Amino acid sequence: MKARVFQYLPLCVFLAACGPTASRSPADAITFDISKGFDDFEFATAGDGKPVEWSIIENDAGRVLAQIDTDPTDNRFPLAIHRPFTGRDVYVSIRFMTISGKTGQAAGVFVRFASVDDYYVARASALENNVGLYRVVAGKREMIGCMEVNVSGQAWHTLGIAARDERLTIFFDGRELFVAIDRRFPGPPGKVGLWTRADSMIWFESLKIGSLD
């Protein structure tokens, strides 16, 4: 079945199985080392609420990066910006586990980041059981694609986005979910990184980055 393509999609639709048709380059995996600390990341908070507080946590699977402040402000978006990489046409994915959150249980990955007010973000929500794609323009978040899918808590998932020109392809747990066409941020190159919302406690086990240029 071909991936669905959306110009505008205000509401989520039920998931249909899709094959991995988007072309992706090999990706470099970034893991989180206590000895290295946060050298490769810059942290910021978009929207309202308290500043971010990120920590590297030891668990049975190894080391994970988590935003640990539990401020429930709805319009609060903690960001972990990967310093070394800048790109326009990229494939970026995360491996994550949702731990807790009353206002939100959302894990995301962003691309073409120009500022805390301008970027694309793919996010998976365990509370809403869907995967969505948003453009953030001048600080305003607008949904441009979404699908209903089981995002179970306390379990590992992968979420990815491939951005090539105006075509944005979203992947979840190894499957291509949907494609959206959007021309808001065709360039220049931007940063990539991790995203959460409100009081979401998310364990990020790795970040993979590959160029599609």
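Biologist: What makes strand 10 (residues 118-125) mostly covered?

Modeller: Seven of the eight residues of strand 10 are buried, where buried means under 20% relative accessible area with a 1.4 Å probe and protein chains only. A strand here is a DSSP run of E with at least two residues, numbered from the N terminus. The model is predicted: local features need pLDDT of at least 70, side-chain atom pairs count only at pLDDT 80 or more, and totals for chains, interfaces and linings use all residues. Residues are numbered from 1 along each chain as its sequence is written, and side-chain values use heavy atoms, leaving out hydrogens and water.

Biologist: What joins strand 10 to strand 11 (residues 130-137)?

Modeller: Seven bridges join these antiparallel strands, and Tyr120 has Arg135 as its bridge partner in strand 11. Their hairpin has four residues between the strands, and Asn129 in the turn has a positive phi of about 50°.

Biologist: Why is Leu207 called buried?

Modeller: Leu207 counts as buried because its relative accessibility is 0%. Leu207 is found in strand 17 (residues 201-211).

Biologist: Which residues does Leu207 contact beyond its neighbours within four places in sequence?

Modeller: Among them are Asp28, Phe41, His82, Val109 and Leu194, contact meaning heavy atoms within 4.5 Å.

Definitions and conventions. Buried < 20%, exposed > 50% of the residue type's maximum accessible area, 1.4 Å probe, protein only. Pairing = 2+ DSSP bridges.
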